[in-house]
Amino acid sequence: MSLSATKFVHPITTPPSTRSSDKPLFSTFFGSNHTKLRFNKPIVAAQRRSSSAASTSSPVVAVSDVVKEKKLKSASNLLITKEEGLVLYEDMILGRFFEDMCAQMYYRGKMFGFVHLYNGQEAVSTGFIKFLKKEDYVVSTYRDHVHALSKGVPAREVMSELFGKATGCCRGQGGSMHMFSKQFNLLGGFAFIGEGIPVATGAAFSSKYRREVLKEPGADEVTLAFFGDGTCNNGQFYECLNMAALWKLPIVFVVENNLWAIGMSHLRATSDPQIWKKGPAFGMPGIHVDGMDVLKVREVAKEAIERARRGEGPTLVECETYRFRGHSLADPDELRDPAEKAHYAGRDPITALKKYLFDNKLASEQELKAIDKKIEELLDDAVEFADESPLPPRSQLLENVFADPKGFGIGPDGKYRCEDPKFTQGTAHV
C-alpha cells in the first residue's frame with residue numbers, strides 16, 4: 001500500500017515591499033527583534049496526492065501563478081476596473097469610519113463592555129468578503145463589526161447592536177462581540193478564540209452534504225472562517241484543518257495575523273511563526289499575502305474562493321496585517337513599539353488603494369470625497385437610529401436560555417419572573 005506524498009510547486013518570488021533603504025527597520029513581522037526571521041519568502045501552494053493519482057491529477061498551483069497567467073492573457077495591466085475600485089474603496093471607508101464612530105460612542109458611554117476595533121485590517125475583510133455571494137457564509141471573531149458590514153448587514157443594525165438596542169441584528173443581546181445575521185449568512189462573532197472555526201467547518205460540511213448527498217441544485221456555498229494569529233496555537237484550528245482537508249470541504253481559513261495576540265508578540269508565542277506552512281502539512285494550499293494591500297488580498301481571495309466552489313477543497317491564507325488601535329478600546333496600547341506602529345501607519349491600506357486609483361486614473365479626488373461624504377451621512381443616520389431605538393424588554397432576558405422557561409423563568413402566576421421589579425435583587429430563593 002503506497003503512502004500519500006506531498007507535492008510542492010516551484011516557488012514564485014514576490015516583489016519586495018517598498019522601503020527607504022535596503023536595511024529593513026524590522027523583520028516583516030515587526031513585533032520581533034529576530035531579524036533573521038523573514039516572511040517575504042516565496043508564496044508556495046501545496047497539495048497532498050496519493051501516488052496512484054499523481055500521474056492523472058494536476059497539482060494545485062500557487063495563486064501567484066494563476067494571477068500571472070491571467071495577466072498575460074489580459075490586454076490590460078490593471079488589476080481592477082473603475083467600478084470595482086470604487087466598490088472596494090467604499091467598503092473600506094465604511095469599515096474605517098464605522099470603527100472611528102464606535103470609538104466616539106464608546107467614550108461617550110453609548111456602548112458597554114469590550115469593543116475591539118478593526119482599524120488597519122480593512123483590506124482583509126473587503127478583499128475576501130466582496131468576492132462572496134449572499135448565500136455564502138462568514139464566521140468571525142470578537143473583532144466582527146467590519147466583517148458584518150462587508151457581508152451586507154446594514155450599518156443601522158450593527159450600530160444598534162453595539163448600543164444594545166432591540167433594533168440590532170441580534171435584538172441587542174449579542175453586543176460588540178456576537179454579531180449574527182441569518183439574512184446575510186453571518187454565522188456569528190465569537191468571543192473565545194478558536195470557537196468559531198468548528199462552526200465554520202460545520203457550515204462547509206453542510207454545503208457539501210446538500211450538494212453531493214441531497215443533490216440540491218445550486219448548493220455551492222463557500223464558507224470563510226476568520227481568526228487571528230493567536231488562535232493558530234489552539235487545538236480547534238488543527239482539528240478543523242484536518243477534517244476540512246480530509247473531506248475536501250468548501251472553506252477558506254483566513255488568518256488575520258496582526259502580529260499581536262492582545263499584548264503577546266506573535267513571534268514569541270509559536271514555534272514556527274509562518275502560519276501558512278500549516279496548510280500543506282494537512283494537505284491543502286498555504287498562502288502568505290500582504291494583508292495591507294487590498295488588491296493582493298483580492299487576487300488570493302478570488303482563487304481560493306473559486307477553488308472551494310469548484311469542489312477542490314480548503315485553503316489556508318495568512319494575511320499579514322496590523323491593527324492601528326489597541327487590542328480593545330480599554331487597552332492603552334503601551335506594549336507595542338511606537339516605531340512599529342508608525343511604520344504600519346505609513347502602510348495604511350486605504351491610502352494605498354487611493355494611490356492606485358489616482359495613479360491609474362480610475363477615480364478622481366472628487367469621486368472619493370463624494371463617497372466619504374456618503375458614508376459620513378450613513379453613519380450619522382445609524383447613530384441617530386440606534387440612539388432613538390428602544391431597549392429590549394425585560395422578558396427577552398430569558399429567551400434563548402431555556403427550552404422551557406417554566407420554573408425559573410416563569411412564576412406560578414404565569415408571568416415572567418424577570419418582569420418583577422425585584423428580580424435583579426437576587427434570585428437564589430427561586
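Tutor: In this predicted model, E122 has a relative accessibility of 0% and therefore counts as buried, the cut-off being under 20%. Its charged partner is R96: the two side chains meet in a salt bridge, with 2.6 Å from N to O. Side chains of opposite charge can pair when their charged atoms come close. R96 has a relative accessibility of 11%, and because that too is under 20%, R96 counts as buried.

R96 has a further partner. Its side chain also meets that of D348 in a salt bridge, here with an N to O distance of 3.0 Å. D348 sits in the loop between α11 (338-345) and α12 (349-359), while R96 lies in helix α2, so this pair ties together parts of the chain that are 252 residues apart in sequence. R96 and D348 are both buried.

K277 and D272 form a salt bridge through their side chains, at 3.0 Å from N to O. K277 has a relative accessible area of 36%, and is therefore partly exposed. D272, at 26% relative accessibility, also counts as partly exposed. In total, the structure holds 23 salt bridges.

Helix α3, which covers residues 122-129, also contains S125. At 0% relative accessibility, S125 counts as buried. Leaving aside residues up to four places away in sequence, S125 touches Y118, K130, V146, H147 and S150.

The account now turns to the sheet. Five strands make up an open sheet, arranged in the order β3-β4-β5-β9-β8 with parallel pairing. At its edges stand β3 (137-139) and β8 (286-290), each of which pairs on one side only. From one strand to the next, the twist averages 20 degrees. Strands of a sheet pair through backbone hydrogen bonds, either parallel or antiparallel.

Within this sheet, β4 has β3 as one parallel partner, over 3 bridges. At that pairing, V139 has A225 in β4 as its bridge partner. β4 (residues 223-228) also pairs with β5 (residues 251-257) in the parallel sense, over 6 bridges. Along this pairing F226 stands opposite V254 in β5, and F227 stands opposite V255 in β5. Helix α7 (residues 235-247) packs on the sheet and touches β4, β5 and β9 (315-320), and the direction of α7 makes about 150 degrees with that of β5. β4 itself is mostly covered, with 5 of its 6 residues buried.

The geometry of α7 can be checked by its length. Its 13 residues, at 1.5 Å a residue, should span 18 Å, and its end C-alpha atoms lie 19 Å apart, which agrees. As for burial, the buried residues of α7 are F237, C240, L241, A244 and A245. Viewed down the axis of α7, these buried residues fall within an arc of 130 degrees, so they line one face of the helix. An α-helix has 3.6 residues a turn, so residues three or four places apart point the same way. The other side of α7 carries E239 and L246, which are exposed. The buried residues of α7 are covered by elements including α6 (196-212), β4, β5, α9 (278-281) and β9. Just after α7, K248 adopts a positive phi of about 50 degrees.

Definitions and conventions. Residues are numbered from 1 along each chain as its sequence is written. This is a predicted model: local features need pLDDT of at least 70, side-chain atom pairs count only at pLDDT 80 or more; totals for chains, interfaces and linings use all residues. Side-chain values use heavy atoms; hydrogens and water are left out. Helices (H or I, at least four residues) and strands (E, at least two) are DSSP runs, numbered from the N terminus. Buried means under 20% relative accessible area, exposed over 50%, partly exposed in between (1.4 Å probe, protein chains only). Contact means heavy atoms within 4.5 Å. A salt bridge is a side-chain nitrogen of Lys or Arg within 4 Å of a carboxyl oxygen of Asp or Glu. Two strands pair if DSSP finds at least two bridges between them. Axes are lines fitted to C-alpha atoms, for helices over the stretch in contact, and angles run from 0 to 180 degrees between N-to-C directions. The expected span of a helix is 1.5 Å times one less than its number of residues. The arc is that of the directions from the helix axis to the C-beta atoms.
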